[in-house]
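Here are a few exercises to work through with the model open on your screen. Try each one yourself before you read the solution.

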Amino acid sequence: MSDMIDDLPTEEETRSRFGRAALENASPVIIAIVTLIVWEIACRVFDVPRFVLPTPSMIFASLVKWHAVIATHAAQTLYTTLIGFAFAVVAGLVIGIAVGTSRLLYKALYPILIAFNSVPKVAIVPVLVIWFGIGTIPAAITAFLLAFFPIVVNVAAGLATVEPELEDVLRSLGASKRKILMKVGLPRSMPYFFASLKVAITLALVGSVISETIASNAGIGYLMLNASSRFDVPLVFAGLFVVAALGVAIYALFATVETRFTGWATRAQTARLEGTGGG
Amino acid sequence: MDPAPTADPAPPDAFVDIDDVSLVYGRGTSRTVALHHASIAVPRGGFAAVVGPSGCGKSSLMKLVTGLMPPTRGTIRVDGATVTGPLKIAGMAFQNPTLLPWRSTLDNIMLPLEIVEPHASRLRRNRAEYVGRAEALLASVGLDGFGNRNPWQLSGGMQQRASLCRSLIHEPDLLMLDEPFAALDAFTREELWGVLQKVWMERRFTVVLVTHDLREAVYLADRIYVMSARPGRIVAARDVPFARPRSLEDTFAPEFVDIVHELRDHISRERAAA
């Protein structure tokens with residue numbers, strides 16, 4: 001038969017791939033360390049005042065000194081982020097499916113969603129404070145507002161990529177709209193959905209911190225604002241580092257979830273790459 | 001120009017009867033006449049091919065017959081009943097195999113069973129029986145043992161074989177094929193002609209094959225309809241008298257080549273007129 005697959009690469013090729021993979025995995029850490037070292041040296045050489053730009057070692061010392069306080073505030077930030085994110089997932093899925101399956105709803109809702117997404121969320125926080133007071137609720141809502149839009153857009157886009165021929169096949173078998181959605185539409189849009197979760201969770205974190213910076217008495221945002229009013233710049237930077245670390249951690253978490261649930265989408269790509277590459 | 005009108009009256013036992021059908025898309029300036037007074041009749045268990053230049057409304061024909069789209073004028077009857085909505089007894093395959101990448105090949109083939117009754121309600125309890133049926137079908141198209149592969153691990157030709165299996169698993173009475181082999185290389189395509197002929201001879205469902213490959217049409221079909229460029233009209237109908245099974249060798253026989261030439265003449269005349 002002419003259709004053969006599985007052209008196995010030689011062992012030598014496999015090994016060189018592994019070598020490159022190890023370097024690829026280590027590269028972000030290497031870049032981060034090099035940047036910190038350059039920063040440290042530059043600050044010392046040019047004698048930059050600590051209230052302008054503290055050295056990484058000062059920031060690290062501040063992290064250690066305030067670790068208990070930082071942990072409490074970080075937990076608060078993570079809490080509001082996750083609440084906002086959870087609501088964003090539910091709302092994003094529902095609106096995404098609605099917009100992706102109904103042409104009428106798409107026409108009706110999409111311009112409104114775009115308009116809504118264009119409003120800077122910082123501007124909404126004061127309104128939220130008037131309605132709900134300061135603290136957890138406005139932070140969670142801000143997180144929600146930032147996070148749900150990419151989920152809507154991605155789910156809708158996933159549903160829109162269903163091949164019309166495939167829909168014809170199912171319709172000619174007598175499948176209902178709901179059945180086509182369950183058998184094809186939703187599985188097809190899952191890679192888009194999970195990809196959007198990575199973006200959404202980091203945006204939720206941004207939303208939480210924005211709201212905490214403006215109106216809160218807890219959370220990393222509040223901690224940073226407080227520290228900057230006391231000119232404790234190393235602590236401000238420590239807060240920034242914690243936010244960044246949180247962002248990377250939750251992003252990595254959802255990237256893992258993504259490959260677990262929709263491996264077929266990326267595996268297909270890997271197979272194709274390996275099929276054409278070969279060295 | 002010789003229009004060669006094909007006002008052949010539909011035989012009373014026609015399984016697929018397209019009777020004087022016209023189809024118009026859109027309105028105003030974007031109005032296009034896709035089909036114009038087209039009539040096609042395919043007897044039960046027959047194999048009909050529709051050939052024509054690209055953009056002549058061949059694919060519209062597929063949607064009309066399977067009830068995915070209503071005709072603007074005229075009637076379509078399948079198995080004696082006028083088509084008013086999606087058919088439920090049809091299998092379809094297209095140029096693009098459209099397999100679902102998150103399902104194994106076997107699960108892809110079994111997709112129609114999850115939708116068409118009575119299979120959908122029986123599937124859970126009688127899964128082993130249906131899996132056996134799907135595997136037998138895979139074997140008959142030369143995909144023996146490939147059921148648990150993912151579709152993206154299969155070559156284009158193998159995916160098209162699987163797509164053919166999916167269109168046949170629920171044992172449809174009618175198979176609609178829209179240029180199913182057009183994206184394949186010449187050797188694989190000719191191989192699959194043989195596969196399709198074999199499966200058809202075993203099961204004798206009714207086939208309507210839309211194609212622009214004239215050799216493919218003559219090899220596979222009992223009767224070939226030639227369509228003109230838009231607006232699509234049936235300008236000729238030609239019976240293919242050769243015995244079955246036909247072999248690739250037969251496609252080089254003078255009688256075979258004569259029919260291909262005859263069809264080509266019709267089409268080039270249509271193109272010149274357009």
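Two strands pair if DSSP finds at least two bridges between them. Helices (H or I, at least four residues) and strands (E, at least two) are themselves DSSP runs, numbered from the N terminus. We're working on a predicted model, where local features need pLDDT of at least 70, side-chain atom pairs count only at pLDDT 80 or more, and totals for chains, interfaces and linings use all residues. Residues are numbered from 1 along each chain as its sequence is written, with chains lettered from A and ligands numbered from 1 in the order in which they are written.

**Exercise 1. Find the strands that pair with S8(B), and say how they run.**

Step 1: Start at strand S7 (residues 174-178) of chain B, which pairs with S8(B) in the parallel sense over five bridges. Here B:Leu174 sits opposite B:Thr206.

Step 2: Now follow the chain from S7(B) to S8(B): the path goes through helix H6 (residues 186-203) of chain B, and this β-α-β crossover is right-handed. That label means that, with the strands pointing away from you, the path from the first strand over the helix to the second runs clockwise.

Step 3: Look for the other partner, strand S3 (residues 47-51) of chain B, joined to S8(B) by five bridges and also parallel. B:Phe47 is the residue opposite B:Val207.

**Exercise 2. Work out which way the residues of S8(B) point, and whether they are buried or exposed.**

Step 1: Check the strand. B:Thr206, B:Val208 and B:Val210 point one way, B:Val207, B:Leu209 and B:Thr211 point the other way, and all are buried. In other words, six of the six residues of S8 (residues 206-211) are buried.

**Exercise 3. Describe the side of chain A that touches chain B.**

Step 1: Count residues in contact (C-beta atoms, placed from the backbone, within 7 Å). You get 23 residues of chain A against 27 of chain B.

Step 2: Ask which elements give two or more residues to the chain A side: helix H7 (164-172), helix H8 (177-214) and helix H11 (263-276). H7(A) has the largest share, seven residues.

Step 3: Sort by class, with Ala, Val, Leu, Ile, Met, Phe, Trp, Tyr, Cys and Pro as nonpolar, Asp, Glu, Lys and Arg as charged, and the others, Gly among them, as polar. That gives 13 nonpolar, three polar and seven charged residues.

**Exercise 4. Is A:Leu225 buried or partly exposed?**

Step 1: Locate A:Leu225 in helix H9 (residues 220-229) of chain A.

Step 2: A:Leu225 has 16 other C-beta atoms within 10 Å, so it is partly exposed.

Notes:
Two residues are in contact if their C-beta atoms, placed from the backbone, lie within 7 Å. A residue is buried if 20 or more other C-beta atoms lie within 10 Å of its own, exposed if 12 or fewer, and partly exposed in between; C-beta atoms are placed from the backbone.
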